[in-house]
Amino acid sequence: MKVTVIGSGVMGHGIAELAAIAGNEVWMNDISTEILQQAMERIKWSLSKLRESGSLKEGVEQVLARIHPETDQAQALKGSDFVIEAVKEDLELKRTIFRNAEAHASPSAVLATNTSSLPISEIASVLKSPQRVVGMHFFNPPVLMPLVEIVRGKDTSDEVVKTTAEMAKSMNKETIVVKDVPGFFVNRVLLRIMEAGCYLVEKGIASIQEVDSSAIEELGFPMGVFLLADYTGLDIGYSVWKAVTARGFKAFPCSSTEKLVSQGKLGVKSGSGYYQYPSPGKFVRPTLPSTSKKLGRYLISPAVNEVSYLLREGIVGKDDAEKGCVLGLGLPKGILSYADEIGIDVVVNTLEEMRQTSGMDHYSPDPLLLSMVKEGKLGRKSGQGFHTYAHEEAKYSTIVVRVEPPLAWIVLNRPTRYNAINGDMIREINQALDSLEEREDVRVIAITGQGRVFSAGADVTEFGSLTPVKAMIASRKFHEVFMKIQFLTKPVIAVINGLALGGGMELALSADFRVASKTAEMGQPEINLGLIPGGGGTQRLSRLSGRKGLELVLTGRRVKAEEAYRLGIVEFLAEPEELESEVRKLANAIAEKSPLAVASAKLAYKLGEETHIWTGTSLEASLFGLLFSTKDFEEGVRAFLEKRKPNFRGE
């Protein structure tokens, strides 16, 4: 097949290289021999690198022999079967090229444009055969980026879309198909994330560094929002911004980007932008301080709103939307998966907040999101959102057990009694722990309370029937269950969603981690009844906060979550609406590790806290050696050498 690539810049020569590797005869056109020669040298360098890595099976010269540099555009187009235009974002220039292509290429040739922002239908409108024009949006660098975004104009034929997808597949690319709207899909999502970053900075909610730290630490983005803008070029991002906003795309105005571009500060290419770099073109990742601000819901919610609109209008399919985010933007998961984890109700509330503070109506939640909230489709926590989640629930008399592999929840369910712990609840927690410990699909267990209270403590209505001996036995029952939690083979997270007092506090203290809502309060008030903690509070509190814990026991004073965090009683704090997503983030990070290694690490750590260092290190050495005999260890080493994520099975 004869393939013609018009333009030999960064995108053009990369596309020409891909087409040649796929076995096509490629004519690469540009305005001068010198420019084409530079492109050929870059292609040769790239092919050499691919050959060194084993990705290229043919010889470099064999592939190069299939690429024909040509300054005469008509000659390059003559009889071509597939044309790909990759010149600058100039509508009239692109139209001129396609007029020439229509005149000189094969009458059945596909006429593809690599534009990243200009509407396909506008480019095709001047042609006699607009049905042949299609968007074929590669990402930079095209040789390495795995996605091609195929854009169907209003006249593009099904056959042209099919042929374009086949061409992309021959280049070893994944594809998504979207309808023709300004910015298509991937860039519209990116612009929403970028505008959210600008909103946070220009409204004084966070600094540039805090936004980027949150994007990396909280959301797992490979780069921060502003760092990515610098890396790709502020002028490029700004030109896309102008092109789509001129065509009706409403967005929060990012005045900082406009100012930097006007000053010639274009990011890495100029040596400065939102960050400073050693010299023009030399990228060194800046050191970003960690931030306690949780900005993820702000960064994600406008993008969720955008994708919801695109889904509702039939512009993109759900699977293609998720694929586009992962392969086109390099995100660890799709925007819709982020939405499900954050909670659709939280997304809606965040959008309303942004609408009110900005005065911009495009932040109004999309009807699709509003209908999902109305129907109770809130994401992972409800078992149904944009995706459906395995959701198995068992109701006991005092607790609810909900299994959402790899996480299981034990929910204290006596809300009218403030989730007070009675004998039945202790027995049922014990049964649930035994059951969940046996399940291979459960790797982490979370314990929380129904409603706005974790647990107000032991049920004092049962105290009246207790003799001193029976009280001691009741205390021992608490100890047995709390010790089981402490030494369970699976990590346990206490999710302190509200008040945690007395026995409720002691239940939380027995867990491996405590994640608390910023509105939570906790304490050991037993001293006010003439008692002392009876569920291990005098022991575990001292191990976490030392003599400060003694003060809490002797005074019965409550502490708010912030103070509990400073005292070391809780390890993580979260806004109330982000509590579940923070727990899932921690649980998922643990669950992807080897269950055998996790159980061994927990045992060594917990026993080490209770014994002499010689005994503890001896146990550690024994467990370390034992793990060498597992299949998980073999998988971990193999995955490391193959540079992939391991798939641990607990074997």
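In this predicted model, domain 1 and domain 2 bury about 1,600 Å² between them, with carbon and sulfur atoms giving 64% of that area. On the domain 1 side, the residues that lose the most area to domain 2 are Ser117, Ile176 and Lys179, which together make up 30% of what that side buries. The contact involves 21 residues of domain 1 and 16 residues of domain 2, while the C-alpha centres of the two domains lie 28 Å apart.

| Domain | Residues |
|---|---|
| domain 1 | 1–179 |
| domain 2 | 184–361 |
| domain 3 | 390–584 |
| domain 4 | 592–640 |

What polar links cross the interface of domain 1 and domain 2? There are 8 residue pairs in polar contact, and 2 salt bridges are found there as well. Helix H6 (120–124), strand E7 (147–152) and strand E8 (174–179) each give two or more residues to the side of domain 1 that touches domain 2. The largest share, 6 residues, comes from E8.

Now for the sheet. Its 7 strands form an open, mixed arrangement in the order E9-E10-E11-E12-E14-E16-E19. Strand E9 (392–395) and strand E19 (572–574) are the edges, each pairing on one side only. Neighbouring strands are turned by 20° against each other on average, direction ignored. Within the sheet, E11 (residues 407–412) and E12 (residues 444–449) run parallel and are joined by 6 bridges; alanine 408 has isoleucine 445 in E12 as its bridge partner.

Note on methods: Residues numbered from 1 in each chain as written. Predicted model: local features only at pLDDT ≥ 70, side-chain atom pairs only at ≥ 80, totals over all residues. Heavy atoms only, no water. Pairing = 2+ DSSP bridges. Helix = DSSP H or I, 4+ residues; strand = E, 2+ residues; numbered from the N terminus. Axes fitted to C-alpha atoms, helices over the stretch in contact; angles between N-to-C directions. Domains from an automatic or database assignment. Contact = heavy atoms within 4.5 Å. Buried area = accessible area lost by both parts, 1.4 Å probe. Salt bridge = Lys/Arg side-chain N within 4 Å of Asp/Glu carboxyl O. Polar contact = N/O pair within 3.5 Å; in protein donor to acceptor, adjacent residues only side chain to side chain.
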